[in-house]
Amino acid sequence: QVQLVESGGGLVQPGGSLRLSCAASGSAISIYAMGWYRQAPGKQRELVAAISSSKNPGYADYTDSAKGRFTISRDNAKNTVYLQMNSLKSEDTAVYYCNNVDVSNRWLWGQGTQVTVSS
């Protein structure tokens, strides 16, 4: 079983940037496509960015709201996935999580990292 620990969140002003990290342990995650998800208060968890596995490297996809502002990346040597978030908006406020994008192989969710965008 893979354990996931997200970090890097915080309070940032609109227009600011944050870099989130997702450190995995227990097994290598390089063979899995990974995603960053977020859950805002009162809303369902949603996928905002995904990155392909080492079996099919070089692909990333984003929701329309994240395109042009967020960049997902991974360092397989460190077993870590990142999310660079720029030009943050108040509507980006949420708890951010990472996980396997394959629902049938999804691991237990980590504690997430809170991102609050506010002036």
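Visitor: What is the torsion about the S-S bond of Cys-22 and Cys-98, and is the disulfide right-handed or left-handed?

Guide: In this predicted model, the torsion about the S-S bond of Cys-22 and Cys-98 is about 45°, so the disulfide is right-handed.

Visitor: How far apart are the sulfur atoms of Cys-22 and Cys-98?

Guide: The sulfur atoms of Cys-22 and Cys-98 are 1.7 Å apart, and the count for this structure comes to 1 disulfide. As background, a disulfide is a covalent bond between the sulfur atoms of two cysteines.

Visitor: Which strands do Cys-22 and Cys-98 lie in?

Guide: Cys-22 belongs to strand β3 and Cys-98 to strand β9, so the pair ties together parts that are 76 residues apart in sequence.

Visitor: And are Cys-22 and Cys-98 buried or exposed?

Guide: Both Cys-22 and Cys-98 are buried.

Visitor: Staying with β3, what about Ser-21, is that residue buried or exposed?

Guide: Ser-21, which is also found in strand β3, has a relative accessible area of 18%, and because buried means under 20%, Ser-21 counts as buried.

Visitor: Which residues is Ser-21 in contact with, leaving aside its neighbours within four places in sequence?

Guide: With those neighbours left aside, Ser-21 is in contact with Val-5, Glu-6, Ser-7, Trp-36, Thr-80, Val-81 and Tyr-82.

Visitor: How many bridges join β1 to β3?

Guide: There are 5 bridges between strand β1, residues 3-7, and β3, and these two strands run antiparallel. Within that pairing, Val-5 stands opposite Ala-23 in β3.

Visitor: And how many bridges join β3 to β8?

Guide: For β3 and β8 there are 6 bridges, and here again the strands run antiparallel, with Leu-18 standing opposite Met-85 in β8.

Visitor: New topic: how many residues has the largest nonpolar core?

Guide: The largest nonpolar core has 28 residues, and those with the most contacts inside it are Leu-4, Trp-36, Phe-70, Ile-72, Leu-83, Met-85 and Tyr-96. Two or more residues of this core come from each of several elements, namely β3, β4, β5, β7, β8, β9 and β10.

Visitor: Which element gives the largest share of this core?

Guide: That is β3, which gives the largest share with 4 residues.

Visitor: Where does Ala-50 lie?

Guide: Ala-50 lies in strand β5, and at 18% relative accessibility Ala-50 counts as buried. Not counting residues up to four places away in sequence, Ala-50 touches Met-34, Gly-35, Tyr-59, Ala-60, Asp-61, Ile-72 and Val-101.

Visitor: What separates the C-alpha atoms of Ala-50 and Ser-25?

Guide: The C-alpha atoms of Ala-50 and Ser-25 are separated by 19 Å, and these residues are 25 apart along the chain.

Visitor: Last one, where is the place of Ser-65?

Guide: Ser-65 sits in the loop between β6, residues 60-62, and β7, and at 35% relative accessibility Ser-65 counts as partly exposed.

Visitor: Which side chains does the side chain of Ser-65 make polar contacts with?

Guide: The side chain of Ser-65 makes a polar contact of 3.5 Å with the side chain of Arg-38, and a polar contact of 3.1 Å joins the side chains of Ser-65 and Thr-63.

Terms used. Residues are numbered from 1 along each chain as its sequence is written. This is a predicted model: local features need pLDDT of at least 70, side-chain atom pairs count only at pLDDT 80 or more; totals for chains, interfaces and linings use all residues. Side-chain values use heavy atoms; hydrogens and water are left out. A nonpolar core is a set of buried Ala, Val, Leu, Ile, Met, Phe, Trp, Tyr and Cys residues joined through side-chain atoms within 4.5 Å. Buried means under 20% relative accessible area, exposed over 50%, partly exposed in between (1.4 Å probe, protein chains only). A disulfide is a pair of cysteine sulfur atoms within 2.5 Å. Contact means heavy atoms within 4.5 Å. A polar contact is a pair of N or O atoms within 3.5 Å; within protein, one must be able to donate a hydrogen and the other to accept it, and residues adjacent in sequence count only if both atoms are side-chain atoms. Two strands pair if DSSP finds at least two bridges between them.
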